[in-house]
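Please brief me on this protein model. Keep it short and sorted by topic.

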Amino acid sequence: MAPQPPPTSEPLQDKDMVSAPSETKIKASVAVPAEEPIAETLNAPTIPEKPTTDEEKPLLAVQVTEEGEKERAQPIEEEESEVDRSPDGRFIRFKKEVGRGSFKTVYKGQDTNSGAAVAWLELQPHKITKEDRERFRAEAEILKKLKHTNIVQFYDTFEMANKTTGLRSVVLVTELMTSGTLKTYLKRFKVIRSRPLKSWSRQILQGLKYLHSRNPVVLHRDLKCDNIFVTGTSGVVKIGDLGLATFKRQEVAKSVIGTPEFMAPEMYDENYSEPADVYAFGMCLLEMVTNEYPYEECANPTQIYRLVVKG
């Protein structure tokens, strides 16, 4: 059954968010020189401009955080220079790092076919098993066929040696999301009002419905606010990080992968199906409403497991 197109999402407005108090406030001031008399200006000696040479340093790109703190400056030419290329030559990796996780590093890249920016995800070699590598190869063709407004587009996966470390790693190329995740928004705003909350929830469920309606069924298995991305200009949310997704070719899936705080009880028994993703969505909704991470009172996964199975 073909998925129903999601309703058009509206950009989030400032009135929909209540900003969390900033820890640091930096005020900027610009000094304006006093106006000089015209006569003195005309009689002032002319200072020759310094000639431009090829040896001058490249222009620096400086990013400033919301708190006004200046981040590490990188030469524009260096950030946008090609560092690596996919085996077929279609995708380019730049030096600029746009994200980092427990088992992956994300770089900015480009699709040479379309010219569009992409995300180049390198998975840590020592955390990828032989079975994982085989699974990625088998799933790649199905992941490429997933096309939905609320799913981050997957382009390709391949293996190649990292030119810096020399280690062979698995690379995933996906749509580049630059506005952050739901987790980012929860940290930025103290309260999320009902209007964007309802819109986000509806879109997440539409994305899950699409995944669960595929043949074979696609299970995410690690849905959480950290891998649900927001398009800031339109308010569209997209489910990402499908690297842990599994394809349910049998009646139930059998493996324990995910984040303990968002795992349904049946996942601990290695016997689960579509409802496990719906349970994870419920935990995401709980975090969005309360702005508190589930089971914060637990010190380790064992304590979380006991509470989950207890109900």
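The points below cover confidence, the sheet, its strand pairs, a packed helix and some loop residues.

This is a predicted model. The mean pLDDT of the chain is 76.

**Confidence**

- A pLDDT of 70 or more is reached by 68% of the residues.
- Residues 22-47 have a pLDDT below 50. In the model, this stretch makes 6 contacts beyond near neighbours in sequence.
- Residues 52-73 also have a pLDDT below 50. For this stretch there are 28 contacts beyond near neighbours in sequence.

- Strands in a sheet pair through backbone hydrogen bonds, in a parallel or antiparallel way.

**Pairs at the β4 end**

- β4 and β5 run antiparallel and are joined by 3 bridges. Glu82 has Phe94 in β5 as its bridge partner.
- These two strands, β4 and β5, form a hairpin with 5 residues between them. In the turn, Gly89 has a positive phi of about 80°.
- β5 (residues 91-100) pairs with β6 (residues 104-111) over 6 bridges, again in the antiparallel sense.
- Two of the facing positions in β6 are Gly109, opposite Arg93, and Val106, opposite Gly99.
- The hairpin of β5 and β6 has 3 residues between the strands.

**Pairs at the β8 end**

- β7 and β9 run antiparallel, joined by 5 bridges. Trp120 faces Val173 in β9.
- β8 and β9 pair over 7 bridges in the antiparallel sense. Phe158 has Val171 in β9 as its bridge partner.
- The β8 and β9 hairpin has 6 residues between its strands. Gly166 there takes a positive phi near 80°.
- Is β9 enclosed or open? Of its 8 residues, 7 are buried, so the rest of the structure largely encloses β9.

**Helix α3**

- α3 has 15 residues and spans 22 Å from its first C-alpha to its last. That is close to the 21 Å expected at 1.5 Å a residue.
- Where does α3 bend? The bend is at Ala138, by about 35°.

- The peptide bond from Asn215 to Pro216 is cis, with omega near 5°. Pro216 sits in the loop between α5 (194-212) and β11 (217-219).
- Arg221 has a positive phi of about 75°, although this residue is not a glycine. The loop that holds Arg221 runs between β11 and β12 (228-231).
- Is Arg221 buried or exposed? Arg221 is buried, at a relative accessible area of 5%.
- Asp241 also has a positive phi, near 55°, and is a residue other than glycine. Asp241 lies in the loop between β13 (236-239) and β14 (246-248).
- Asp241 is partly exposed, with a relative accessible area of 29%.

**Leu242 and its contacts**

- Leu242 lies in the loop between β13 and β14. Leu242 is buried, with a relative accessible area of 8%, which is under the 20% cut-off.
- Which residues does Leu242 touch? Not counting residues up to four places away in sequence, they are Leu143, Leu146, Ile151, Leu211 and His220.
- Leu242 and Ile151 are 91 residues apart in sequence. Their C-alpha atoms are 9.1 Å apart in space.

Note on methods: Residues are numbered from 1 along each chain as its sequence is written. This is a predicted model: local features need pLDDT of at least 70, side-chain atom pairs count only at pLDDT 80 or more; totals for chains, interfaces and linings use all residues. Side-chain values use heavy atoms; hydrogens and water are left out. Two strands pair if DSSP finds at least two bridges between them. Helices (H or I, at least four residues) and strands (E, at least two) are DSSP runs, numbered from the N terminus. pLDDT is the predictor's confidence in each residue, from 0 to 100. Contact means heavy atoms within 4.5 Å. The expected span of a helix is 1.5 Å times one less than its number of residues. The bend at a residue is the angle between axes fitted to the seven residues ending there and the seven starting there. Buried means under 20% relative accessible area, exposed over 50%, partly exposed in between (1.4 Å probe, protein chains only).
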